[in-house]
Amino acid sequence: RNRVSPIPIGKSQFQQVLGLFFIVLLIDLLLIFVGLFFRGGADDFVFGLLSMNLLSLSIAILSIAYLVGTTIRNREAANGIANILSLGFAFLSGVFVPKELLGETALQIGKFTPTYWFVMANDFIFNLSNYSFDNLSNILISMVVQLGFGVAFFAMALVINKKNRTSVE
């Protein structure tokens, strides 16, 4: 039905991604407001950094979800892959197990996941002693790496979509 509609496929996919981003943004805002309600002793700047880090990770995870959703058509298989990826990322990045307890190999593999950089940024934020450029640059680099993962996975999804479209036509 979508292929024979008067809307070009590229525009339709862009609208889908924009809609998904809007939903993710709403969920992030809900989490931020809940955090504001329960935040306790965090100052506004630290809370802003944590919020930006959450948004960076959300964009990366959205692009991974979009990639999985566009390449895997079977719903059960997509759910299985999503579970494996999310749990694998969490174990390798220090979400479930503190990084100090992980081996060097696991940490090296974890560097290839956006959640590793999310945890790194959170660690930097929670250990801020002052707002110097050196301290803030580590946080911003971690956020940019997360956004880089998002761009890379989204680009892969677009290439795969384009390849699938040309093979069907």
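Trainee: Which residues of helix 5 are buried?
Mentor: Helices here are DSSP runs of H or I with at least four residues, strands are runs of E with at least two, and both are numbered from the N terminus. Buried means under 20% relative accessible area, exposed means over 50%, and partly exposed lies in between, with a 1.4 Å probe and protein chains only. Helix 5 is mostly covered, as 10 of its 13 residues are buried. The buried residues of helix 5 are P114, T115, Y116, W117, F118, V119, M120, A121, N122 and I125.

Trainee: Before we go on, at what pLDDT do side-chain atom pairs count?
Mentor: Residues are numbered from 1 along each chain as its sequence is written, and side-chain values use heavy atoms, with hydrogens and water left out. This is a predicted model, in which totals for chains, interfaces and linings use all residues, local features need pLDDT of at least 70, and side-chain atom pairs count only at pLDDT 80 or more.

Trainee: How far apart are the axes of helix 2 and helix 5?
Mentor: Two packed helices are described by the angle between their axes and the distance between the axes. Axes are lines fitted to C-alpha atoms, for helices over the stretch in contact, and angles run from 0 to 180 degrees between N-to-C directions. Helix 2 (residues 44-71) and helix 5 (residues 114-126) pack at an angle of about 180 degrees, with axes separated by 10 Å.

Trainee: Is helix 2 roughly parallel or roughly antiparallel to helix 5?
Mentor: Angles under 35 degrees count as roughly parallel, over 145 as roughly antiparallel, 65 to 115 as roughly perpendicular and the rest as oblique. The angle between helix 2 and helix 5 is about 180 degrees, which makes the two helices roughly antiparallel.

Trainee: How many residues of the contact of helix 2 with helix 5 are nonpolar?
Mentor: Contact means heavy atoms within 4.5 Å, and it involves V46, L49, L50, N53, L54, L57, A60, I61 and I64 of helix 2 together with P114, T115, F118, A121, N122, I125 and F126 of helix 5. Ala, Val, Leu, Ile, Met, Phe, Trp, Tyr, Cys and Pro count as nonpolar, Asp, Glu, Lys and Arg as charged, and the others, Gly among them, as polar. In this contact no residues are charged and three are polar, while the number that are nonpolar is 13.

Trainee: Within what arc do the buried residues of helix 3 fall?
Mentor: In helix 3 (residues 75-93), the residues A78, F89, A90 and S93 are buried, and what covers them includes helix 2 and helix 5. On the other side of helix 3, E76 and I84 are exposed. The arc is that of the directions from the helix axis to the C-beta atoms. Seen down the axis of helix 3, the buried residues line one face of the helix, because they fall within an arc of 95 degrees.

Trainee: Which residues is F47 in contact with, leaving aside its neighbours within four places in sequence?
Mentor: F47 belongs to helix 2 and counts as buried, at 14% relative accessibility. F47 and F126 are 79 residues apart in sequence, yet 10.0 Å apart in space, C-alpha to C-alpha. With those sequence neighbours set aside, F47 is in contact with I32, G35, L36 and R39.

Trainee: And which residues does L20 contact, under that condition of leaving aside neighbours within four places in sequence?
Mentor: L20 lies in helix 1 and counts as partly exposed, at 35% relative accessibility. Its contacts beyond those neighbours are with L62 and Y66.

Technical notes:
Expected span 1.5 Å × (residues − 1).
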